[in-house]
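This briefing goes from the fold as a whole to individual residues. Please keep the structure open while reading.

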Amino acid sequence: MQRARSLLTRFNPIAYRYRYRFQSRTLCSSNEEVVVVEGNGYSRMAILNRPTALNALNTSMVATLSKLYRSWEDNPDVGFVTIKGSGRAFAAGGDIVAIYHFINRANMEACKEFFRTIYRFIYVIGTYMKPHIALLNGITMGGGAGISIPGTFRVATDKTIFATPEVLIGFHPDAGASFYLSHLPGHLGEYLALTGEKLNGVEMVTCGLATHYSLSARLPLIEEQLGKLVTDDPSVIETTLEQYGDLVQPDSSSVLQRIEIVDKCFCHDTVEEIVDSLERVASETNDAWCISTLNRLKEASPLSLKVSLRSIREGRFQTLDQCLSREYHMTLQATSKQISGDFCEGIRARVVDKDFAPKWDPPTLEKVSQDMVDQYFSPLSEFEPGLGLPTKVREAFL
C-alpha cells in the first residue's frame, strides 16, 4: 500500500466549534438526537445518530437533513459539507419496519411522505452546488447509499459494507440505485441488484461506487484535516482525501475478479435467461460462485427480480431525476399491494418475525406475468401527484 500525494497549501483559520442537536418527533423516542451537526467557520458535518438502529433513515431525520443542506448551500461562509454515521453503520437504509407498520395500518400518506422526502433529498445531493463528502465507515445499504453516492466524494474504509438487498424483501433497488447501478462496469449492476450481494470498501472504490479508500483508523486524521480547510474547491478537498488514501486491489475471491462471467451470465434480456446461463456454467465447471449466485436468486421475490432487472436496464438510459421519478412510481405500486404483497411479506420474514421463510406471490418466475411487471412501470393516475423534483432550478450534474 502506498500513500497518496501530500496536501496542497491552504489557509489555517482560527475556527470555532459548535454542535447542533435535532430531535426527531416521529418513529423514535422524543429524546433521541437523530442528527448532530459539527463544524467550523468554513465547513459543516452532519452525523446520522441512530446507532442502535444502524442509522436507519426515517422521515423526520431526512427532512432535517434536507433543511440543513439547503441552509448550508445558501450560506456563503460554508464551503463544503461532510456526512457520516455514528456507531458501526453509515446508514443501513430506510426504516423499513416503520414502513411495514404504515402499510399494514393503511397509513399510506405517511408511507408516501417518507419516500418523497428521501428521494427529493437524494436529488438535492445529486445537484448540490458545494463539494459533498460522505464517510462510509460501516454498513452502507439502500437509502444510505442513496444519500451518499450522488455526492462529490465517497470515502470507503476497511469496515464498509455496501449492498442493495431490496429484492430479498420483495422490493426493488431504489433511492437512485437504478441510476448508479446501471452505470457500473459491464453488467455488475444487474448482478448486485438481483442478488443483493455485498461489496467491501476495496471493491467499492475499484468499481467506482466510492471515490477514495482509507483505513478506518485514519478517519480522525481526515476529519481533522478537512476541518482546517477554507475552500470550496473540490481539487483541494480531493488532495486532502488522497493524503490518507490507500492504493488497493480486490482479492482473488472478489466478484470483480469474475467480471467476465458476470457479464456473460447477467447480460441476458430476462431473469429466466440469466438463471439458465448460470446453470449452464455451473454444470460445466461446478463453479462454487455460480452455485452460490443461483441460490441467492432463489431467495429473492420472483416479481422483484423481474421488476428490478427492467429498472436497471431503463436506468442505463435515464438521468438521475428520471430514475428517481420512475422509482417513486414503482414504490407506490409496491406499497399499494395491488399487484402483490411481497414487500410487506419480505419485511415480515426478514426483519419482523425473522423466520426467513417468505411466501412470495407469485411464488415462481414462471408465474410472474408480463402484465404484472408492466403495471409497476405504468404512469400514475391523474389523481396521484408525482415526485415533483425541481428540475428546472436544480439540474443534475450526473
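Lys 337 lies in the loop between helix 14 (320-336) and helix 15; helices (H or I, at least four residues) and strands (E, at least two) are DSSP runs, numbered from the N terminus. The model is predicted: local features need pLDDT of at least 70, side-chain atom pairs count only at pLDDT 80 or more, and totals for chains, interfaces and linings use all residues. Residues are numbered from 1 along each chain as its sequence is written, and side-chain values use heavy atoms, with hydrogens and water left out.

**Overall fold**

- The protein contains 16 helices and eleven strands.
- The radius of gyration, taken over C-alpha atoms, is compared with a globule rule of 2.2 Å times the number of residues to the power 0.38.
- For 398 residues a compact globule would come out near 21 Å, and the protein agrees because its own value is 21 Å.
- The C-alpha trace spans about 65 × 50 × 40 Å along its principal axes.
- Of the contacts (heavy atoms within 4.5 Å) between residues at least 6 apart in sequence, 72% join residues at least 24 apart.

**Surface and charge**

- Buried residues account for 58% of the 398 residues; buried means under 20% relative accessible area, exposed over 50%, and partly exposed in between, with a 1.4 Å probe and protein chains only.
- The accessible surface comes to about 17200 Å², and carbon and sulfur atoms hold 51% of that area; the areas come from the Shrake-Rupley method with a 1.4 Å probe, and for residues only the protein chains shown count as cover.
- There are 41 positive and 47 negative side chains, and the centres of the two sets lie 6 Å apart.
- Lys and Arg count as positive and Asp and Glu as negative, while His and the chain ends are not counted; the charge is placed at NZ of Lys, CZ of Arg, CG of Asp or CD of Glu.

**Backbone geometry in loops**

- Lys 337 has a positive phi of about 65° although it is not a glycine, and this residue counts as partly exposed because its relative accessibility is 39%.
- Leu 54, also not a glycine, has a positive phi of about 55°; Leu 54 sits in the loop between strand 3 (43-48) and helix 1 (59-74).
- Asp 361 and Pro 362 are joined by a cis peptide bond, with omega about 5°.
- Pro 362 is placed in the loop between helix 15 (342-352) and helix 16 (370-376).

**Two buried serines**

- Ser 148, in the loop between helix 4 (143-146) and strand 8 (153-156), is buried because its relative accessible area is 0%.
- The Ser 148 side chain reaches the backbone oxygen of Gly 144 at 2.9 Å; a polar contact is a pair of N or O atoms within 3.5 Å, where within protein one must be able to donate a hydrogen and the other to accept it, and residues adjacent in sequence count only if both atoms are side-chain atoms.
- Not counting residues up to four places away in sequence, Ser 148 touches Phe 90, Ala 134, Leu 136, Thr 140 and Arg 154.
- Ser 86 is found in the loop between strand 4 (80-85) and strand 5 (89-91), and is buried with a relative accessible area of 15%.
- A polar atom of the Ser 86 side chain lies 2.9 Å from the backbone oxygen of Leu 48.

**Gln 318**

- Gln 318 is in the loop between helix 13 (302-315) and helix 14.
- The side chains of Gln 318 and Arg 326 make a polar contact of 2.8 Å.
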